[in-house]
Amino acid sequence: MDAPIALELAGVGLSIGGARILDDVNLSVRRGEMLGVIGPNGAGKTTLFNVISGLLRPTEGTVAVSGNDVGRLAVHRRAAAGLGRTFQTSSLFPQLSVLENVRLAAQAKLGGSLSLLRFPRSGDEATGIAAGCIAEVGLEAKAASAAGGLSHGDKRKVEIAMLLAADPAVILLDEPMAGVGSGDVAGLSEVIRRMHRDSGRTVLMVEHHMEVVLGLVDRVAVMHHGSLLAVDTPEAVMANPLVQSAYLGEPV
Ligand SMILES: Nc1ncnc2c1ncn2[C@@H]1O[C@H](COP(=O)(O)OP(=O)(O)OP(=O)(O)O)[C@@H](O)[C@H]1O
């Protein structure tokens, strides 16, 4: 039996000024699925994530998480409704340790006071959750290191651990490989694979690194000029002449 729908976009459109940024986007993602979102520069991928996560409100259409319309909810309420995302740029507190950063996310999920961050007690619930999430991304040895001193790849792992601490039903990863050194790509891919496969989480990933996308995802959504050109398996998408022509001039 098919898994239930975790995320559903119906007729989503966005106009800003006179510009049509998103046009009639219809997309269903099942629970436990990993979907890659690709497309040439300016196709609307980040805007789509902004609409899903609530940073932008669509001009038309609906966004539903686990069957609940989240279209009118602010960003923090969407997080509570089960949406979590990373950004293209790092959102870590550089002076804080890896543990403190992840603990902050766990604390926010638990709804407690952020001041607890200053007095981490090893036995408390948020610290326990944070330690588990850090272990899940393989950064135990760096738990006490300042986040600002880590490699880009390790910073991304910390951001993923922070997402795991918030335990969202649907995870949006915005270009996780951006700025990551070639030596770190395989390790970070493996963390993303484990995060998805081992836990059955639903993941959407915008990523330009085609090898990473095709190696990780179940299906690929291709955006072009604000519309969805195709949503299919990686093999079918790569063989699609429409997709090939959208990418003409850009390496696929
Ligand atoms: N606030 C805004 N006002 C006007 N135009 C915008 C706004 N935000 C995005 N756009 C335009 O919408 C289009 C889609 O941008 P978006 O950043 O979503 O593309 P993208 O596919 O994520 O691109 P990239 O791969 O380069 O990150 C672009 O033409 C961009 O200039």
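Biologist: How many residues does H6 have, and what span does H6 reach from its first C-alpha to its last?
Modeller: In this predicted model, H6 has 16 residues and reaches 23 Å from its first C-alpha to its last. That is close to the 22 Å expected at 1.5 Å a residue.

Biologist: Which residues of H6 are buried?
Modeller: The buried residues of H6 are Leu188, Ser189, Ile192, Met195 and His196.

Biologist: Why do they line one face of the helix?
Modeller: Seen down the axis of H6, the buried residues fall within an arc of 125°, so they line one face of the helix.

Biologist: And which exposed residues does the face turned away from the buried side carry?
Modeller: On that face of H6 are the exposed residues Gly183 and Ala186.

Biologist: Where does Arg194 lie, then?
Modeller: Arg194 lies in helix H6.

Biologist: Why does Arg194 count as partly exposed?
Modeller: Arg194 has 14 other C-beta atoms within 10 Å. A residue is buried at 20 or more and exposed at 12 or fewer, so a residue in between is partly exposed.

Biologist: How far apart are the C-alpha atoms of Arg194 and Glu136?
Modeller: The C-alpha atoms of Arg194 and Glu136 are separated by 8.3 Å, and the two residues are 58 residues apart along the chain.

Biologist: Let us turn to the domains. What does the domain assignment of the chain give?
Modeller: The assignment gives domain 1 (1-82 + 170-252) and domain 2 (91-167). Their C-alpha centres lie 26 Å apart.

Biologist: How many residues of each domain are in contact with the other?
Modeller: In domain 1, 11 residues are in contact with 11 residues of domain 2. Helix H6 (residues 182-197) provides the largest share of the side of domain 1 that touches domain 2, with 5 residues. The residues of that side divide into 7 nonpolar, 3 polar and 1 charged.

Biologist: Now the ligand. Which residues surround the ligand?
Modeller: The ligand is surrounded by Ile16, Ala19, Ile21, Gly39, Asn41, Gly42, Ala43, Gly44, Lys45, Thr46 and Thr47. This shell divides into 4 nonpolar, 6 polar and 1 charged.

Biologist: Which element gives the most to the shell around the ligand?
Modeller: H1 gives the most, with 3 residues. Strand E2 (19-30) and helix H1 (45-53) each supply at least two residues of the shell.

Notes: Residues are numbered from 1 along each chain as its sequence is written. This is a predicted model: local features need pLDDT of at least 70, side-chain atom pairs count only at pLDDT 80 or more; totals for chains, interfaces and linings use all residues. Domain bounds come from an automatic or database domain assignment. Two residues are in contact if their C-beta atoms, placed from the backbone, lie within 7 Å. Helices (H or I, at least four residues) and strands (E, at least two) are DSSP runs, numbered from the N terminus. Ala, Val, Leu, Ile, Met, Phe, Trp, Tyr, Cys and Pro count as nonpolar, Asp, Glu, Lys and Arg as charged, and the others, Gly among them, as polar. The expected span of a helix is 1.5 Å times one less than its number of residues. The arc is that of the directions from the helix axis to the C-beta atoms. A residue is near a molecule or strand if its C-beta atom, placed from the backbone, lies within 6 Å of it.
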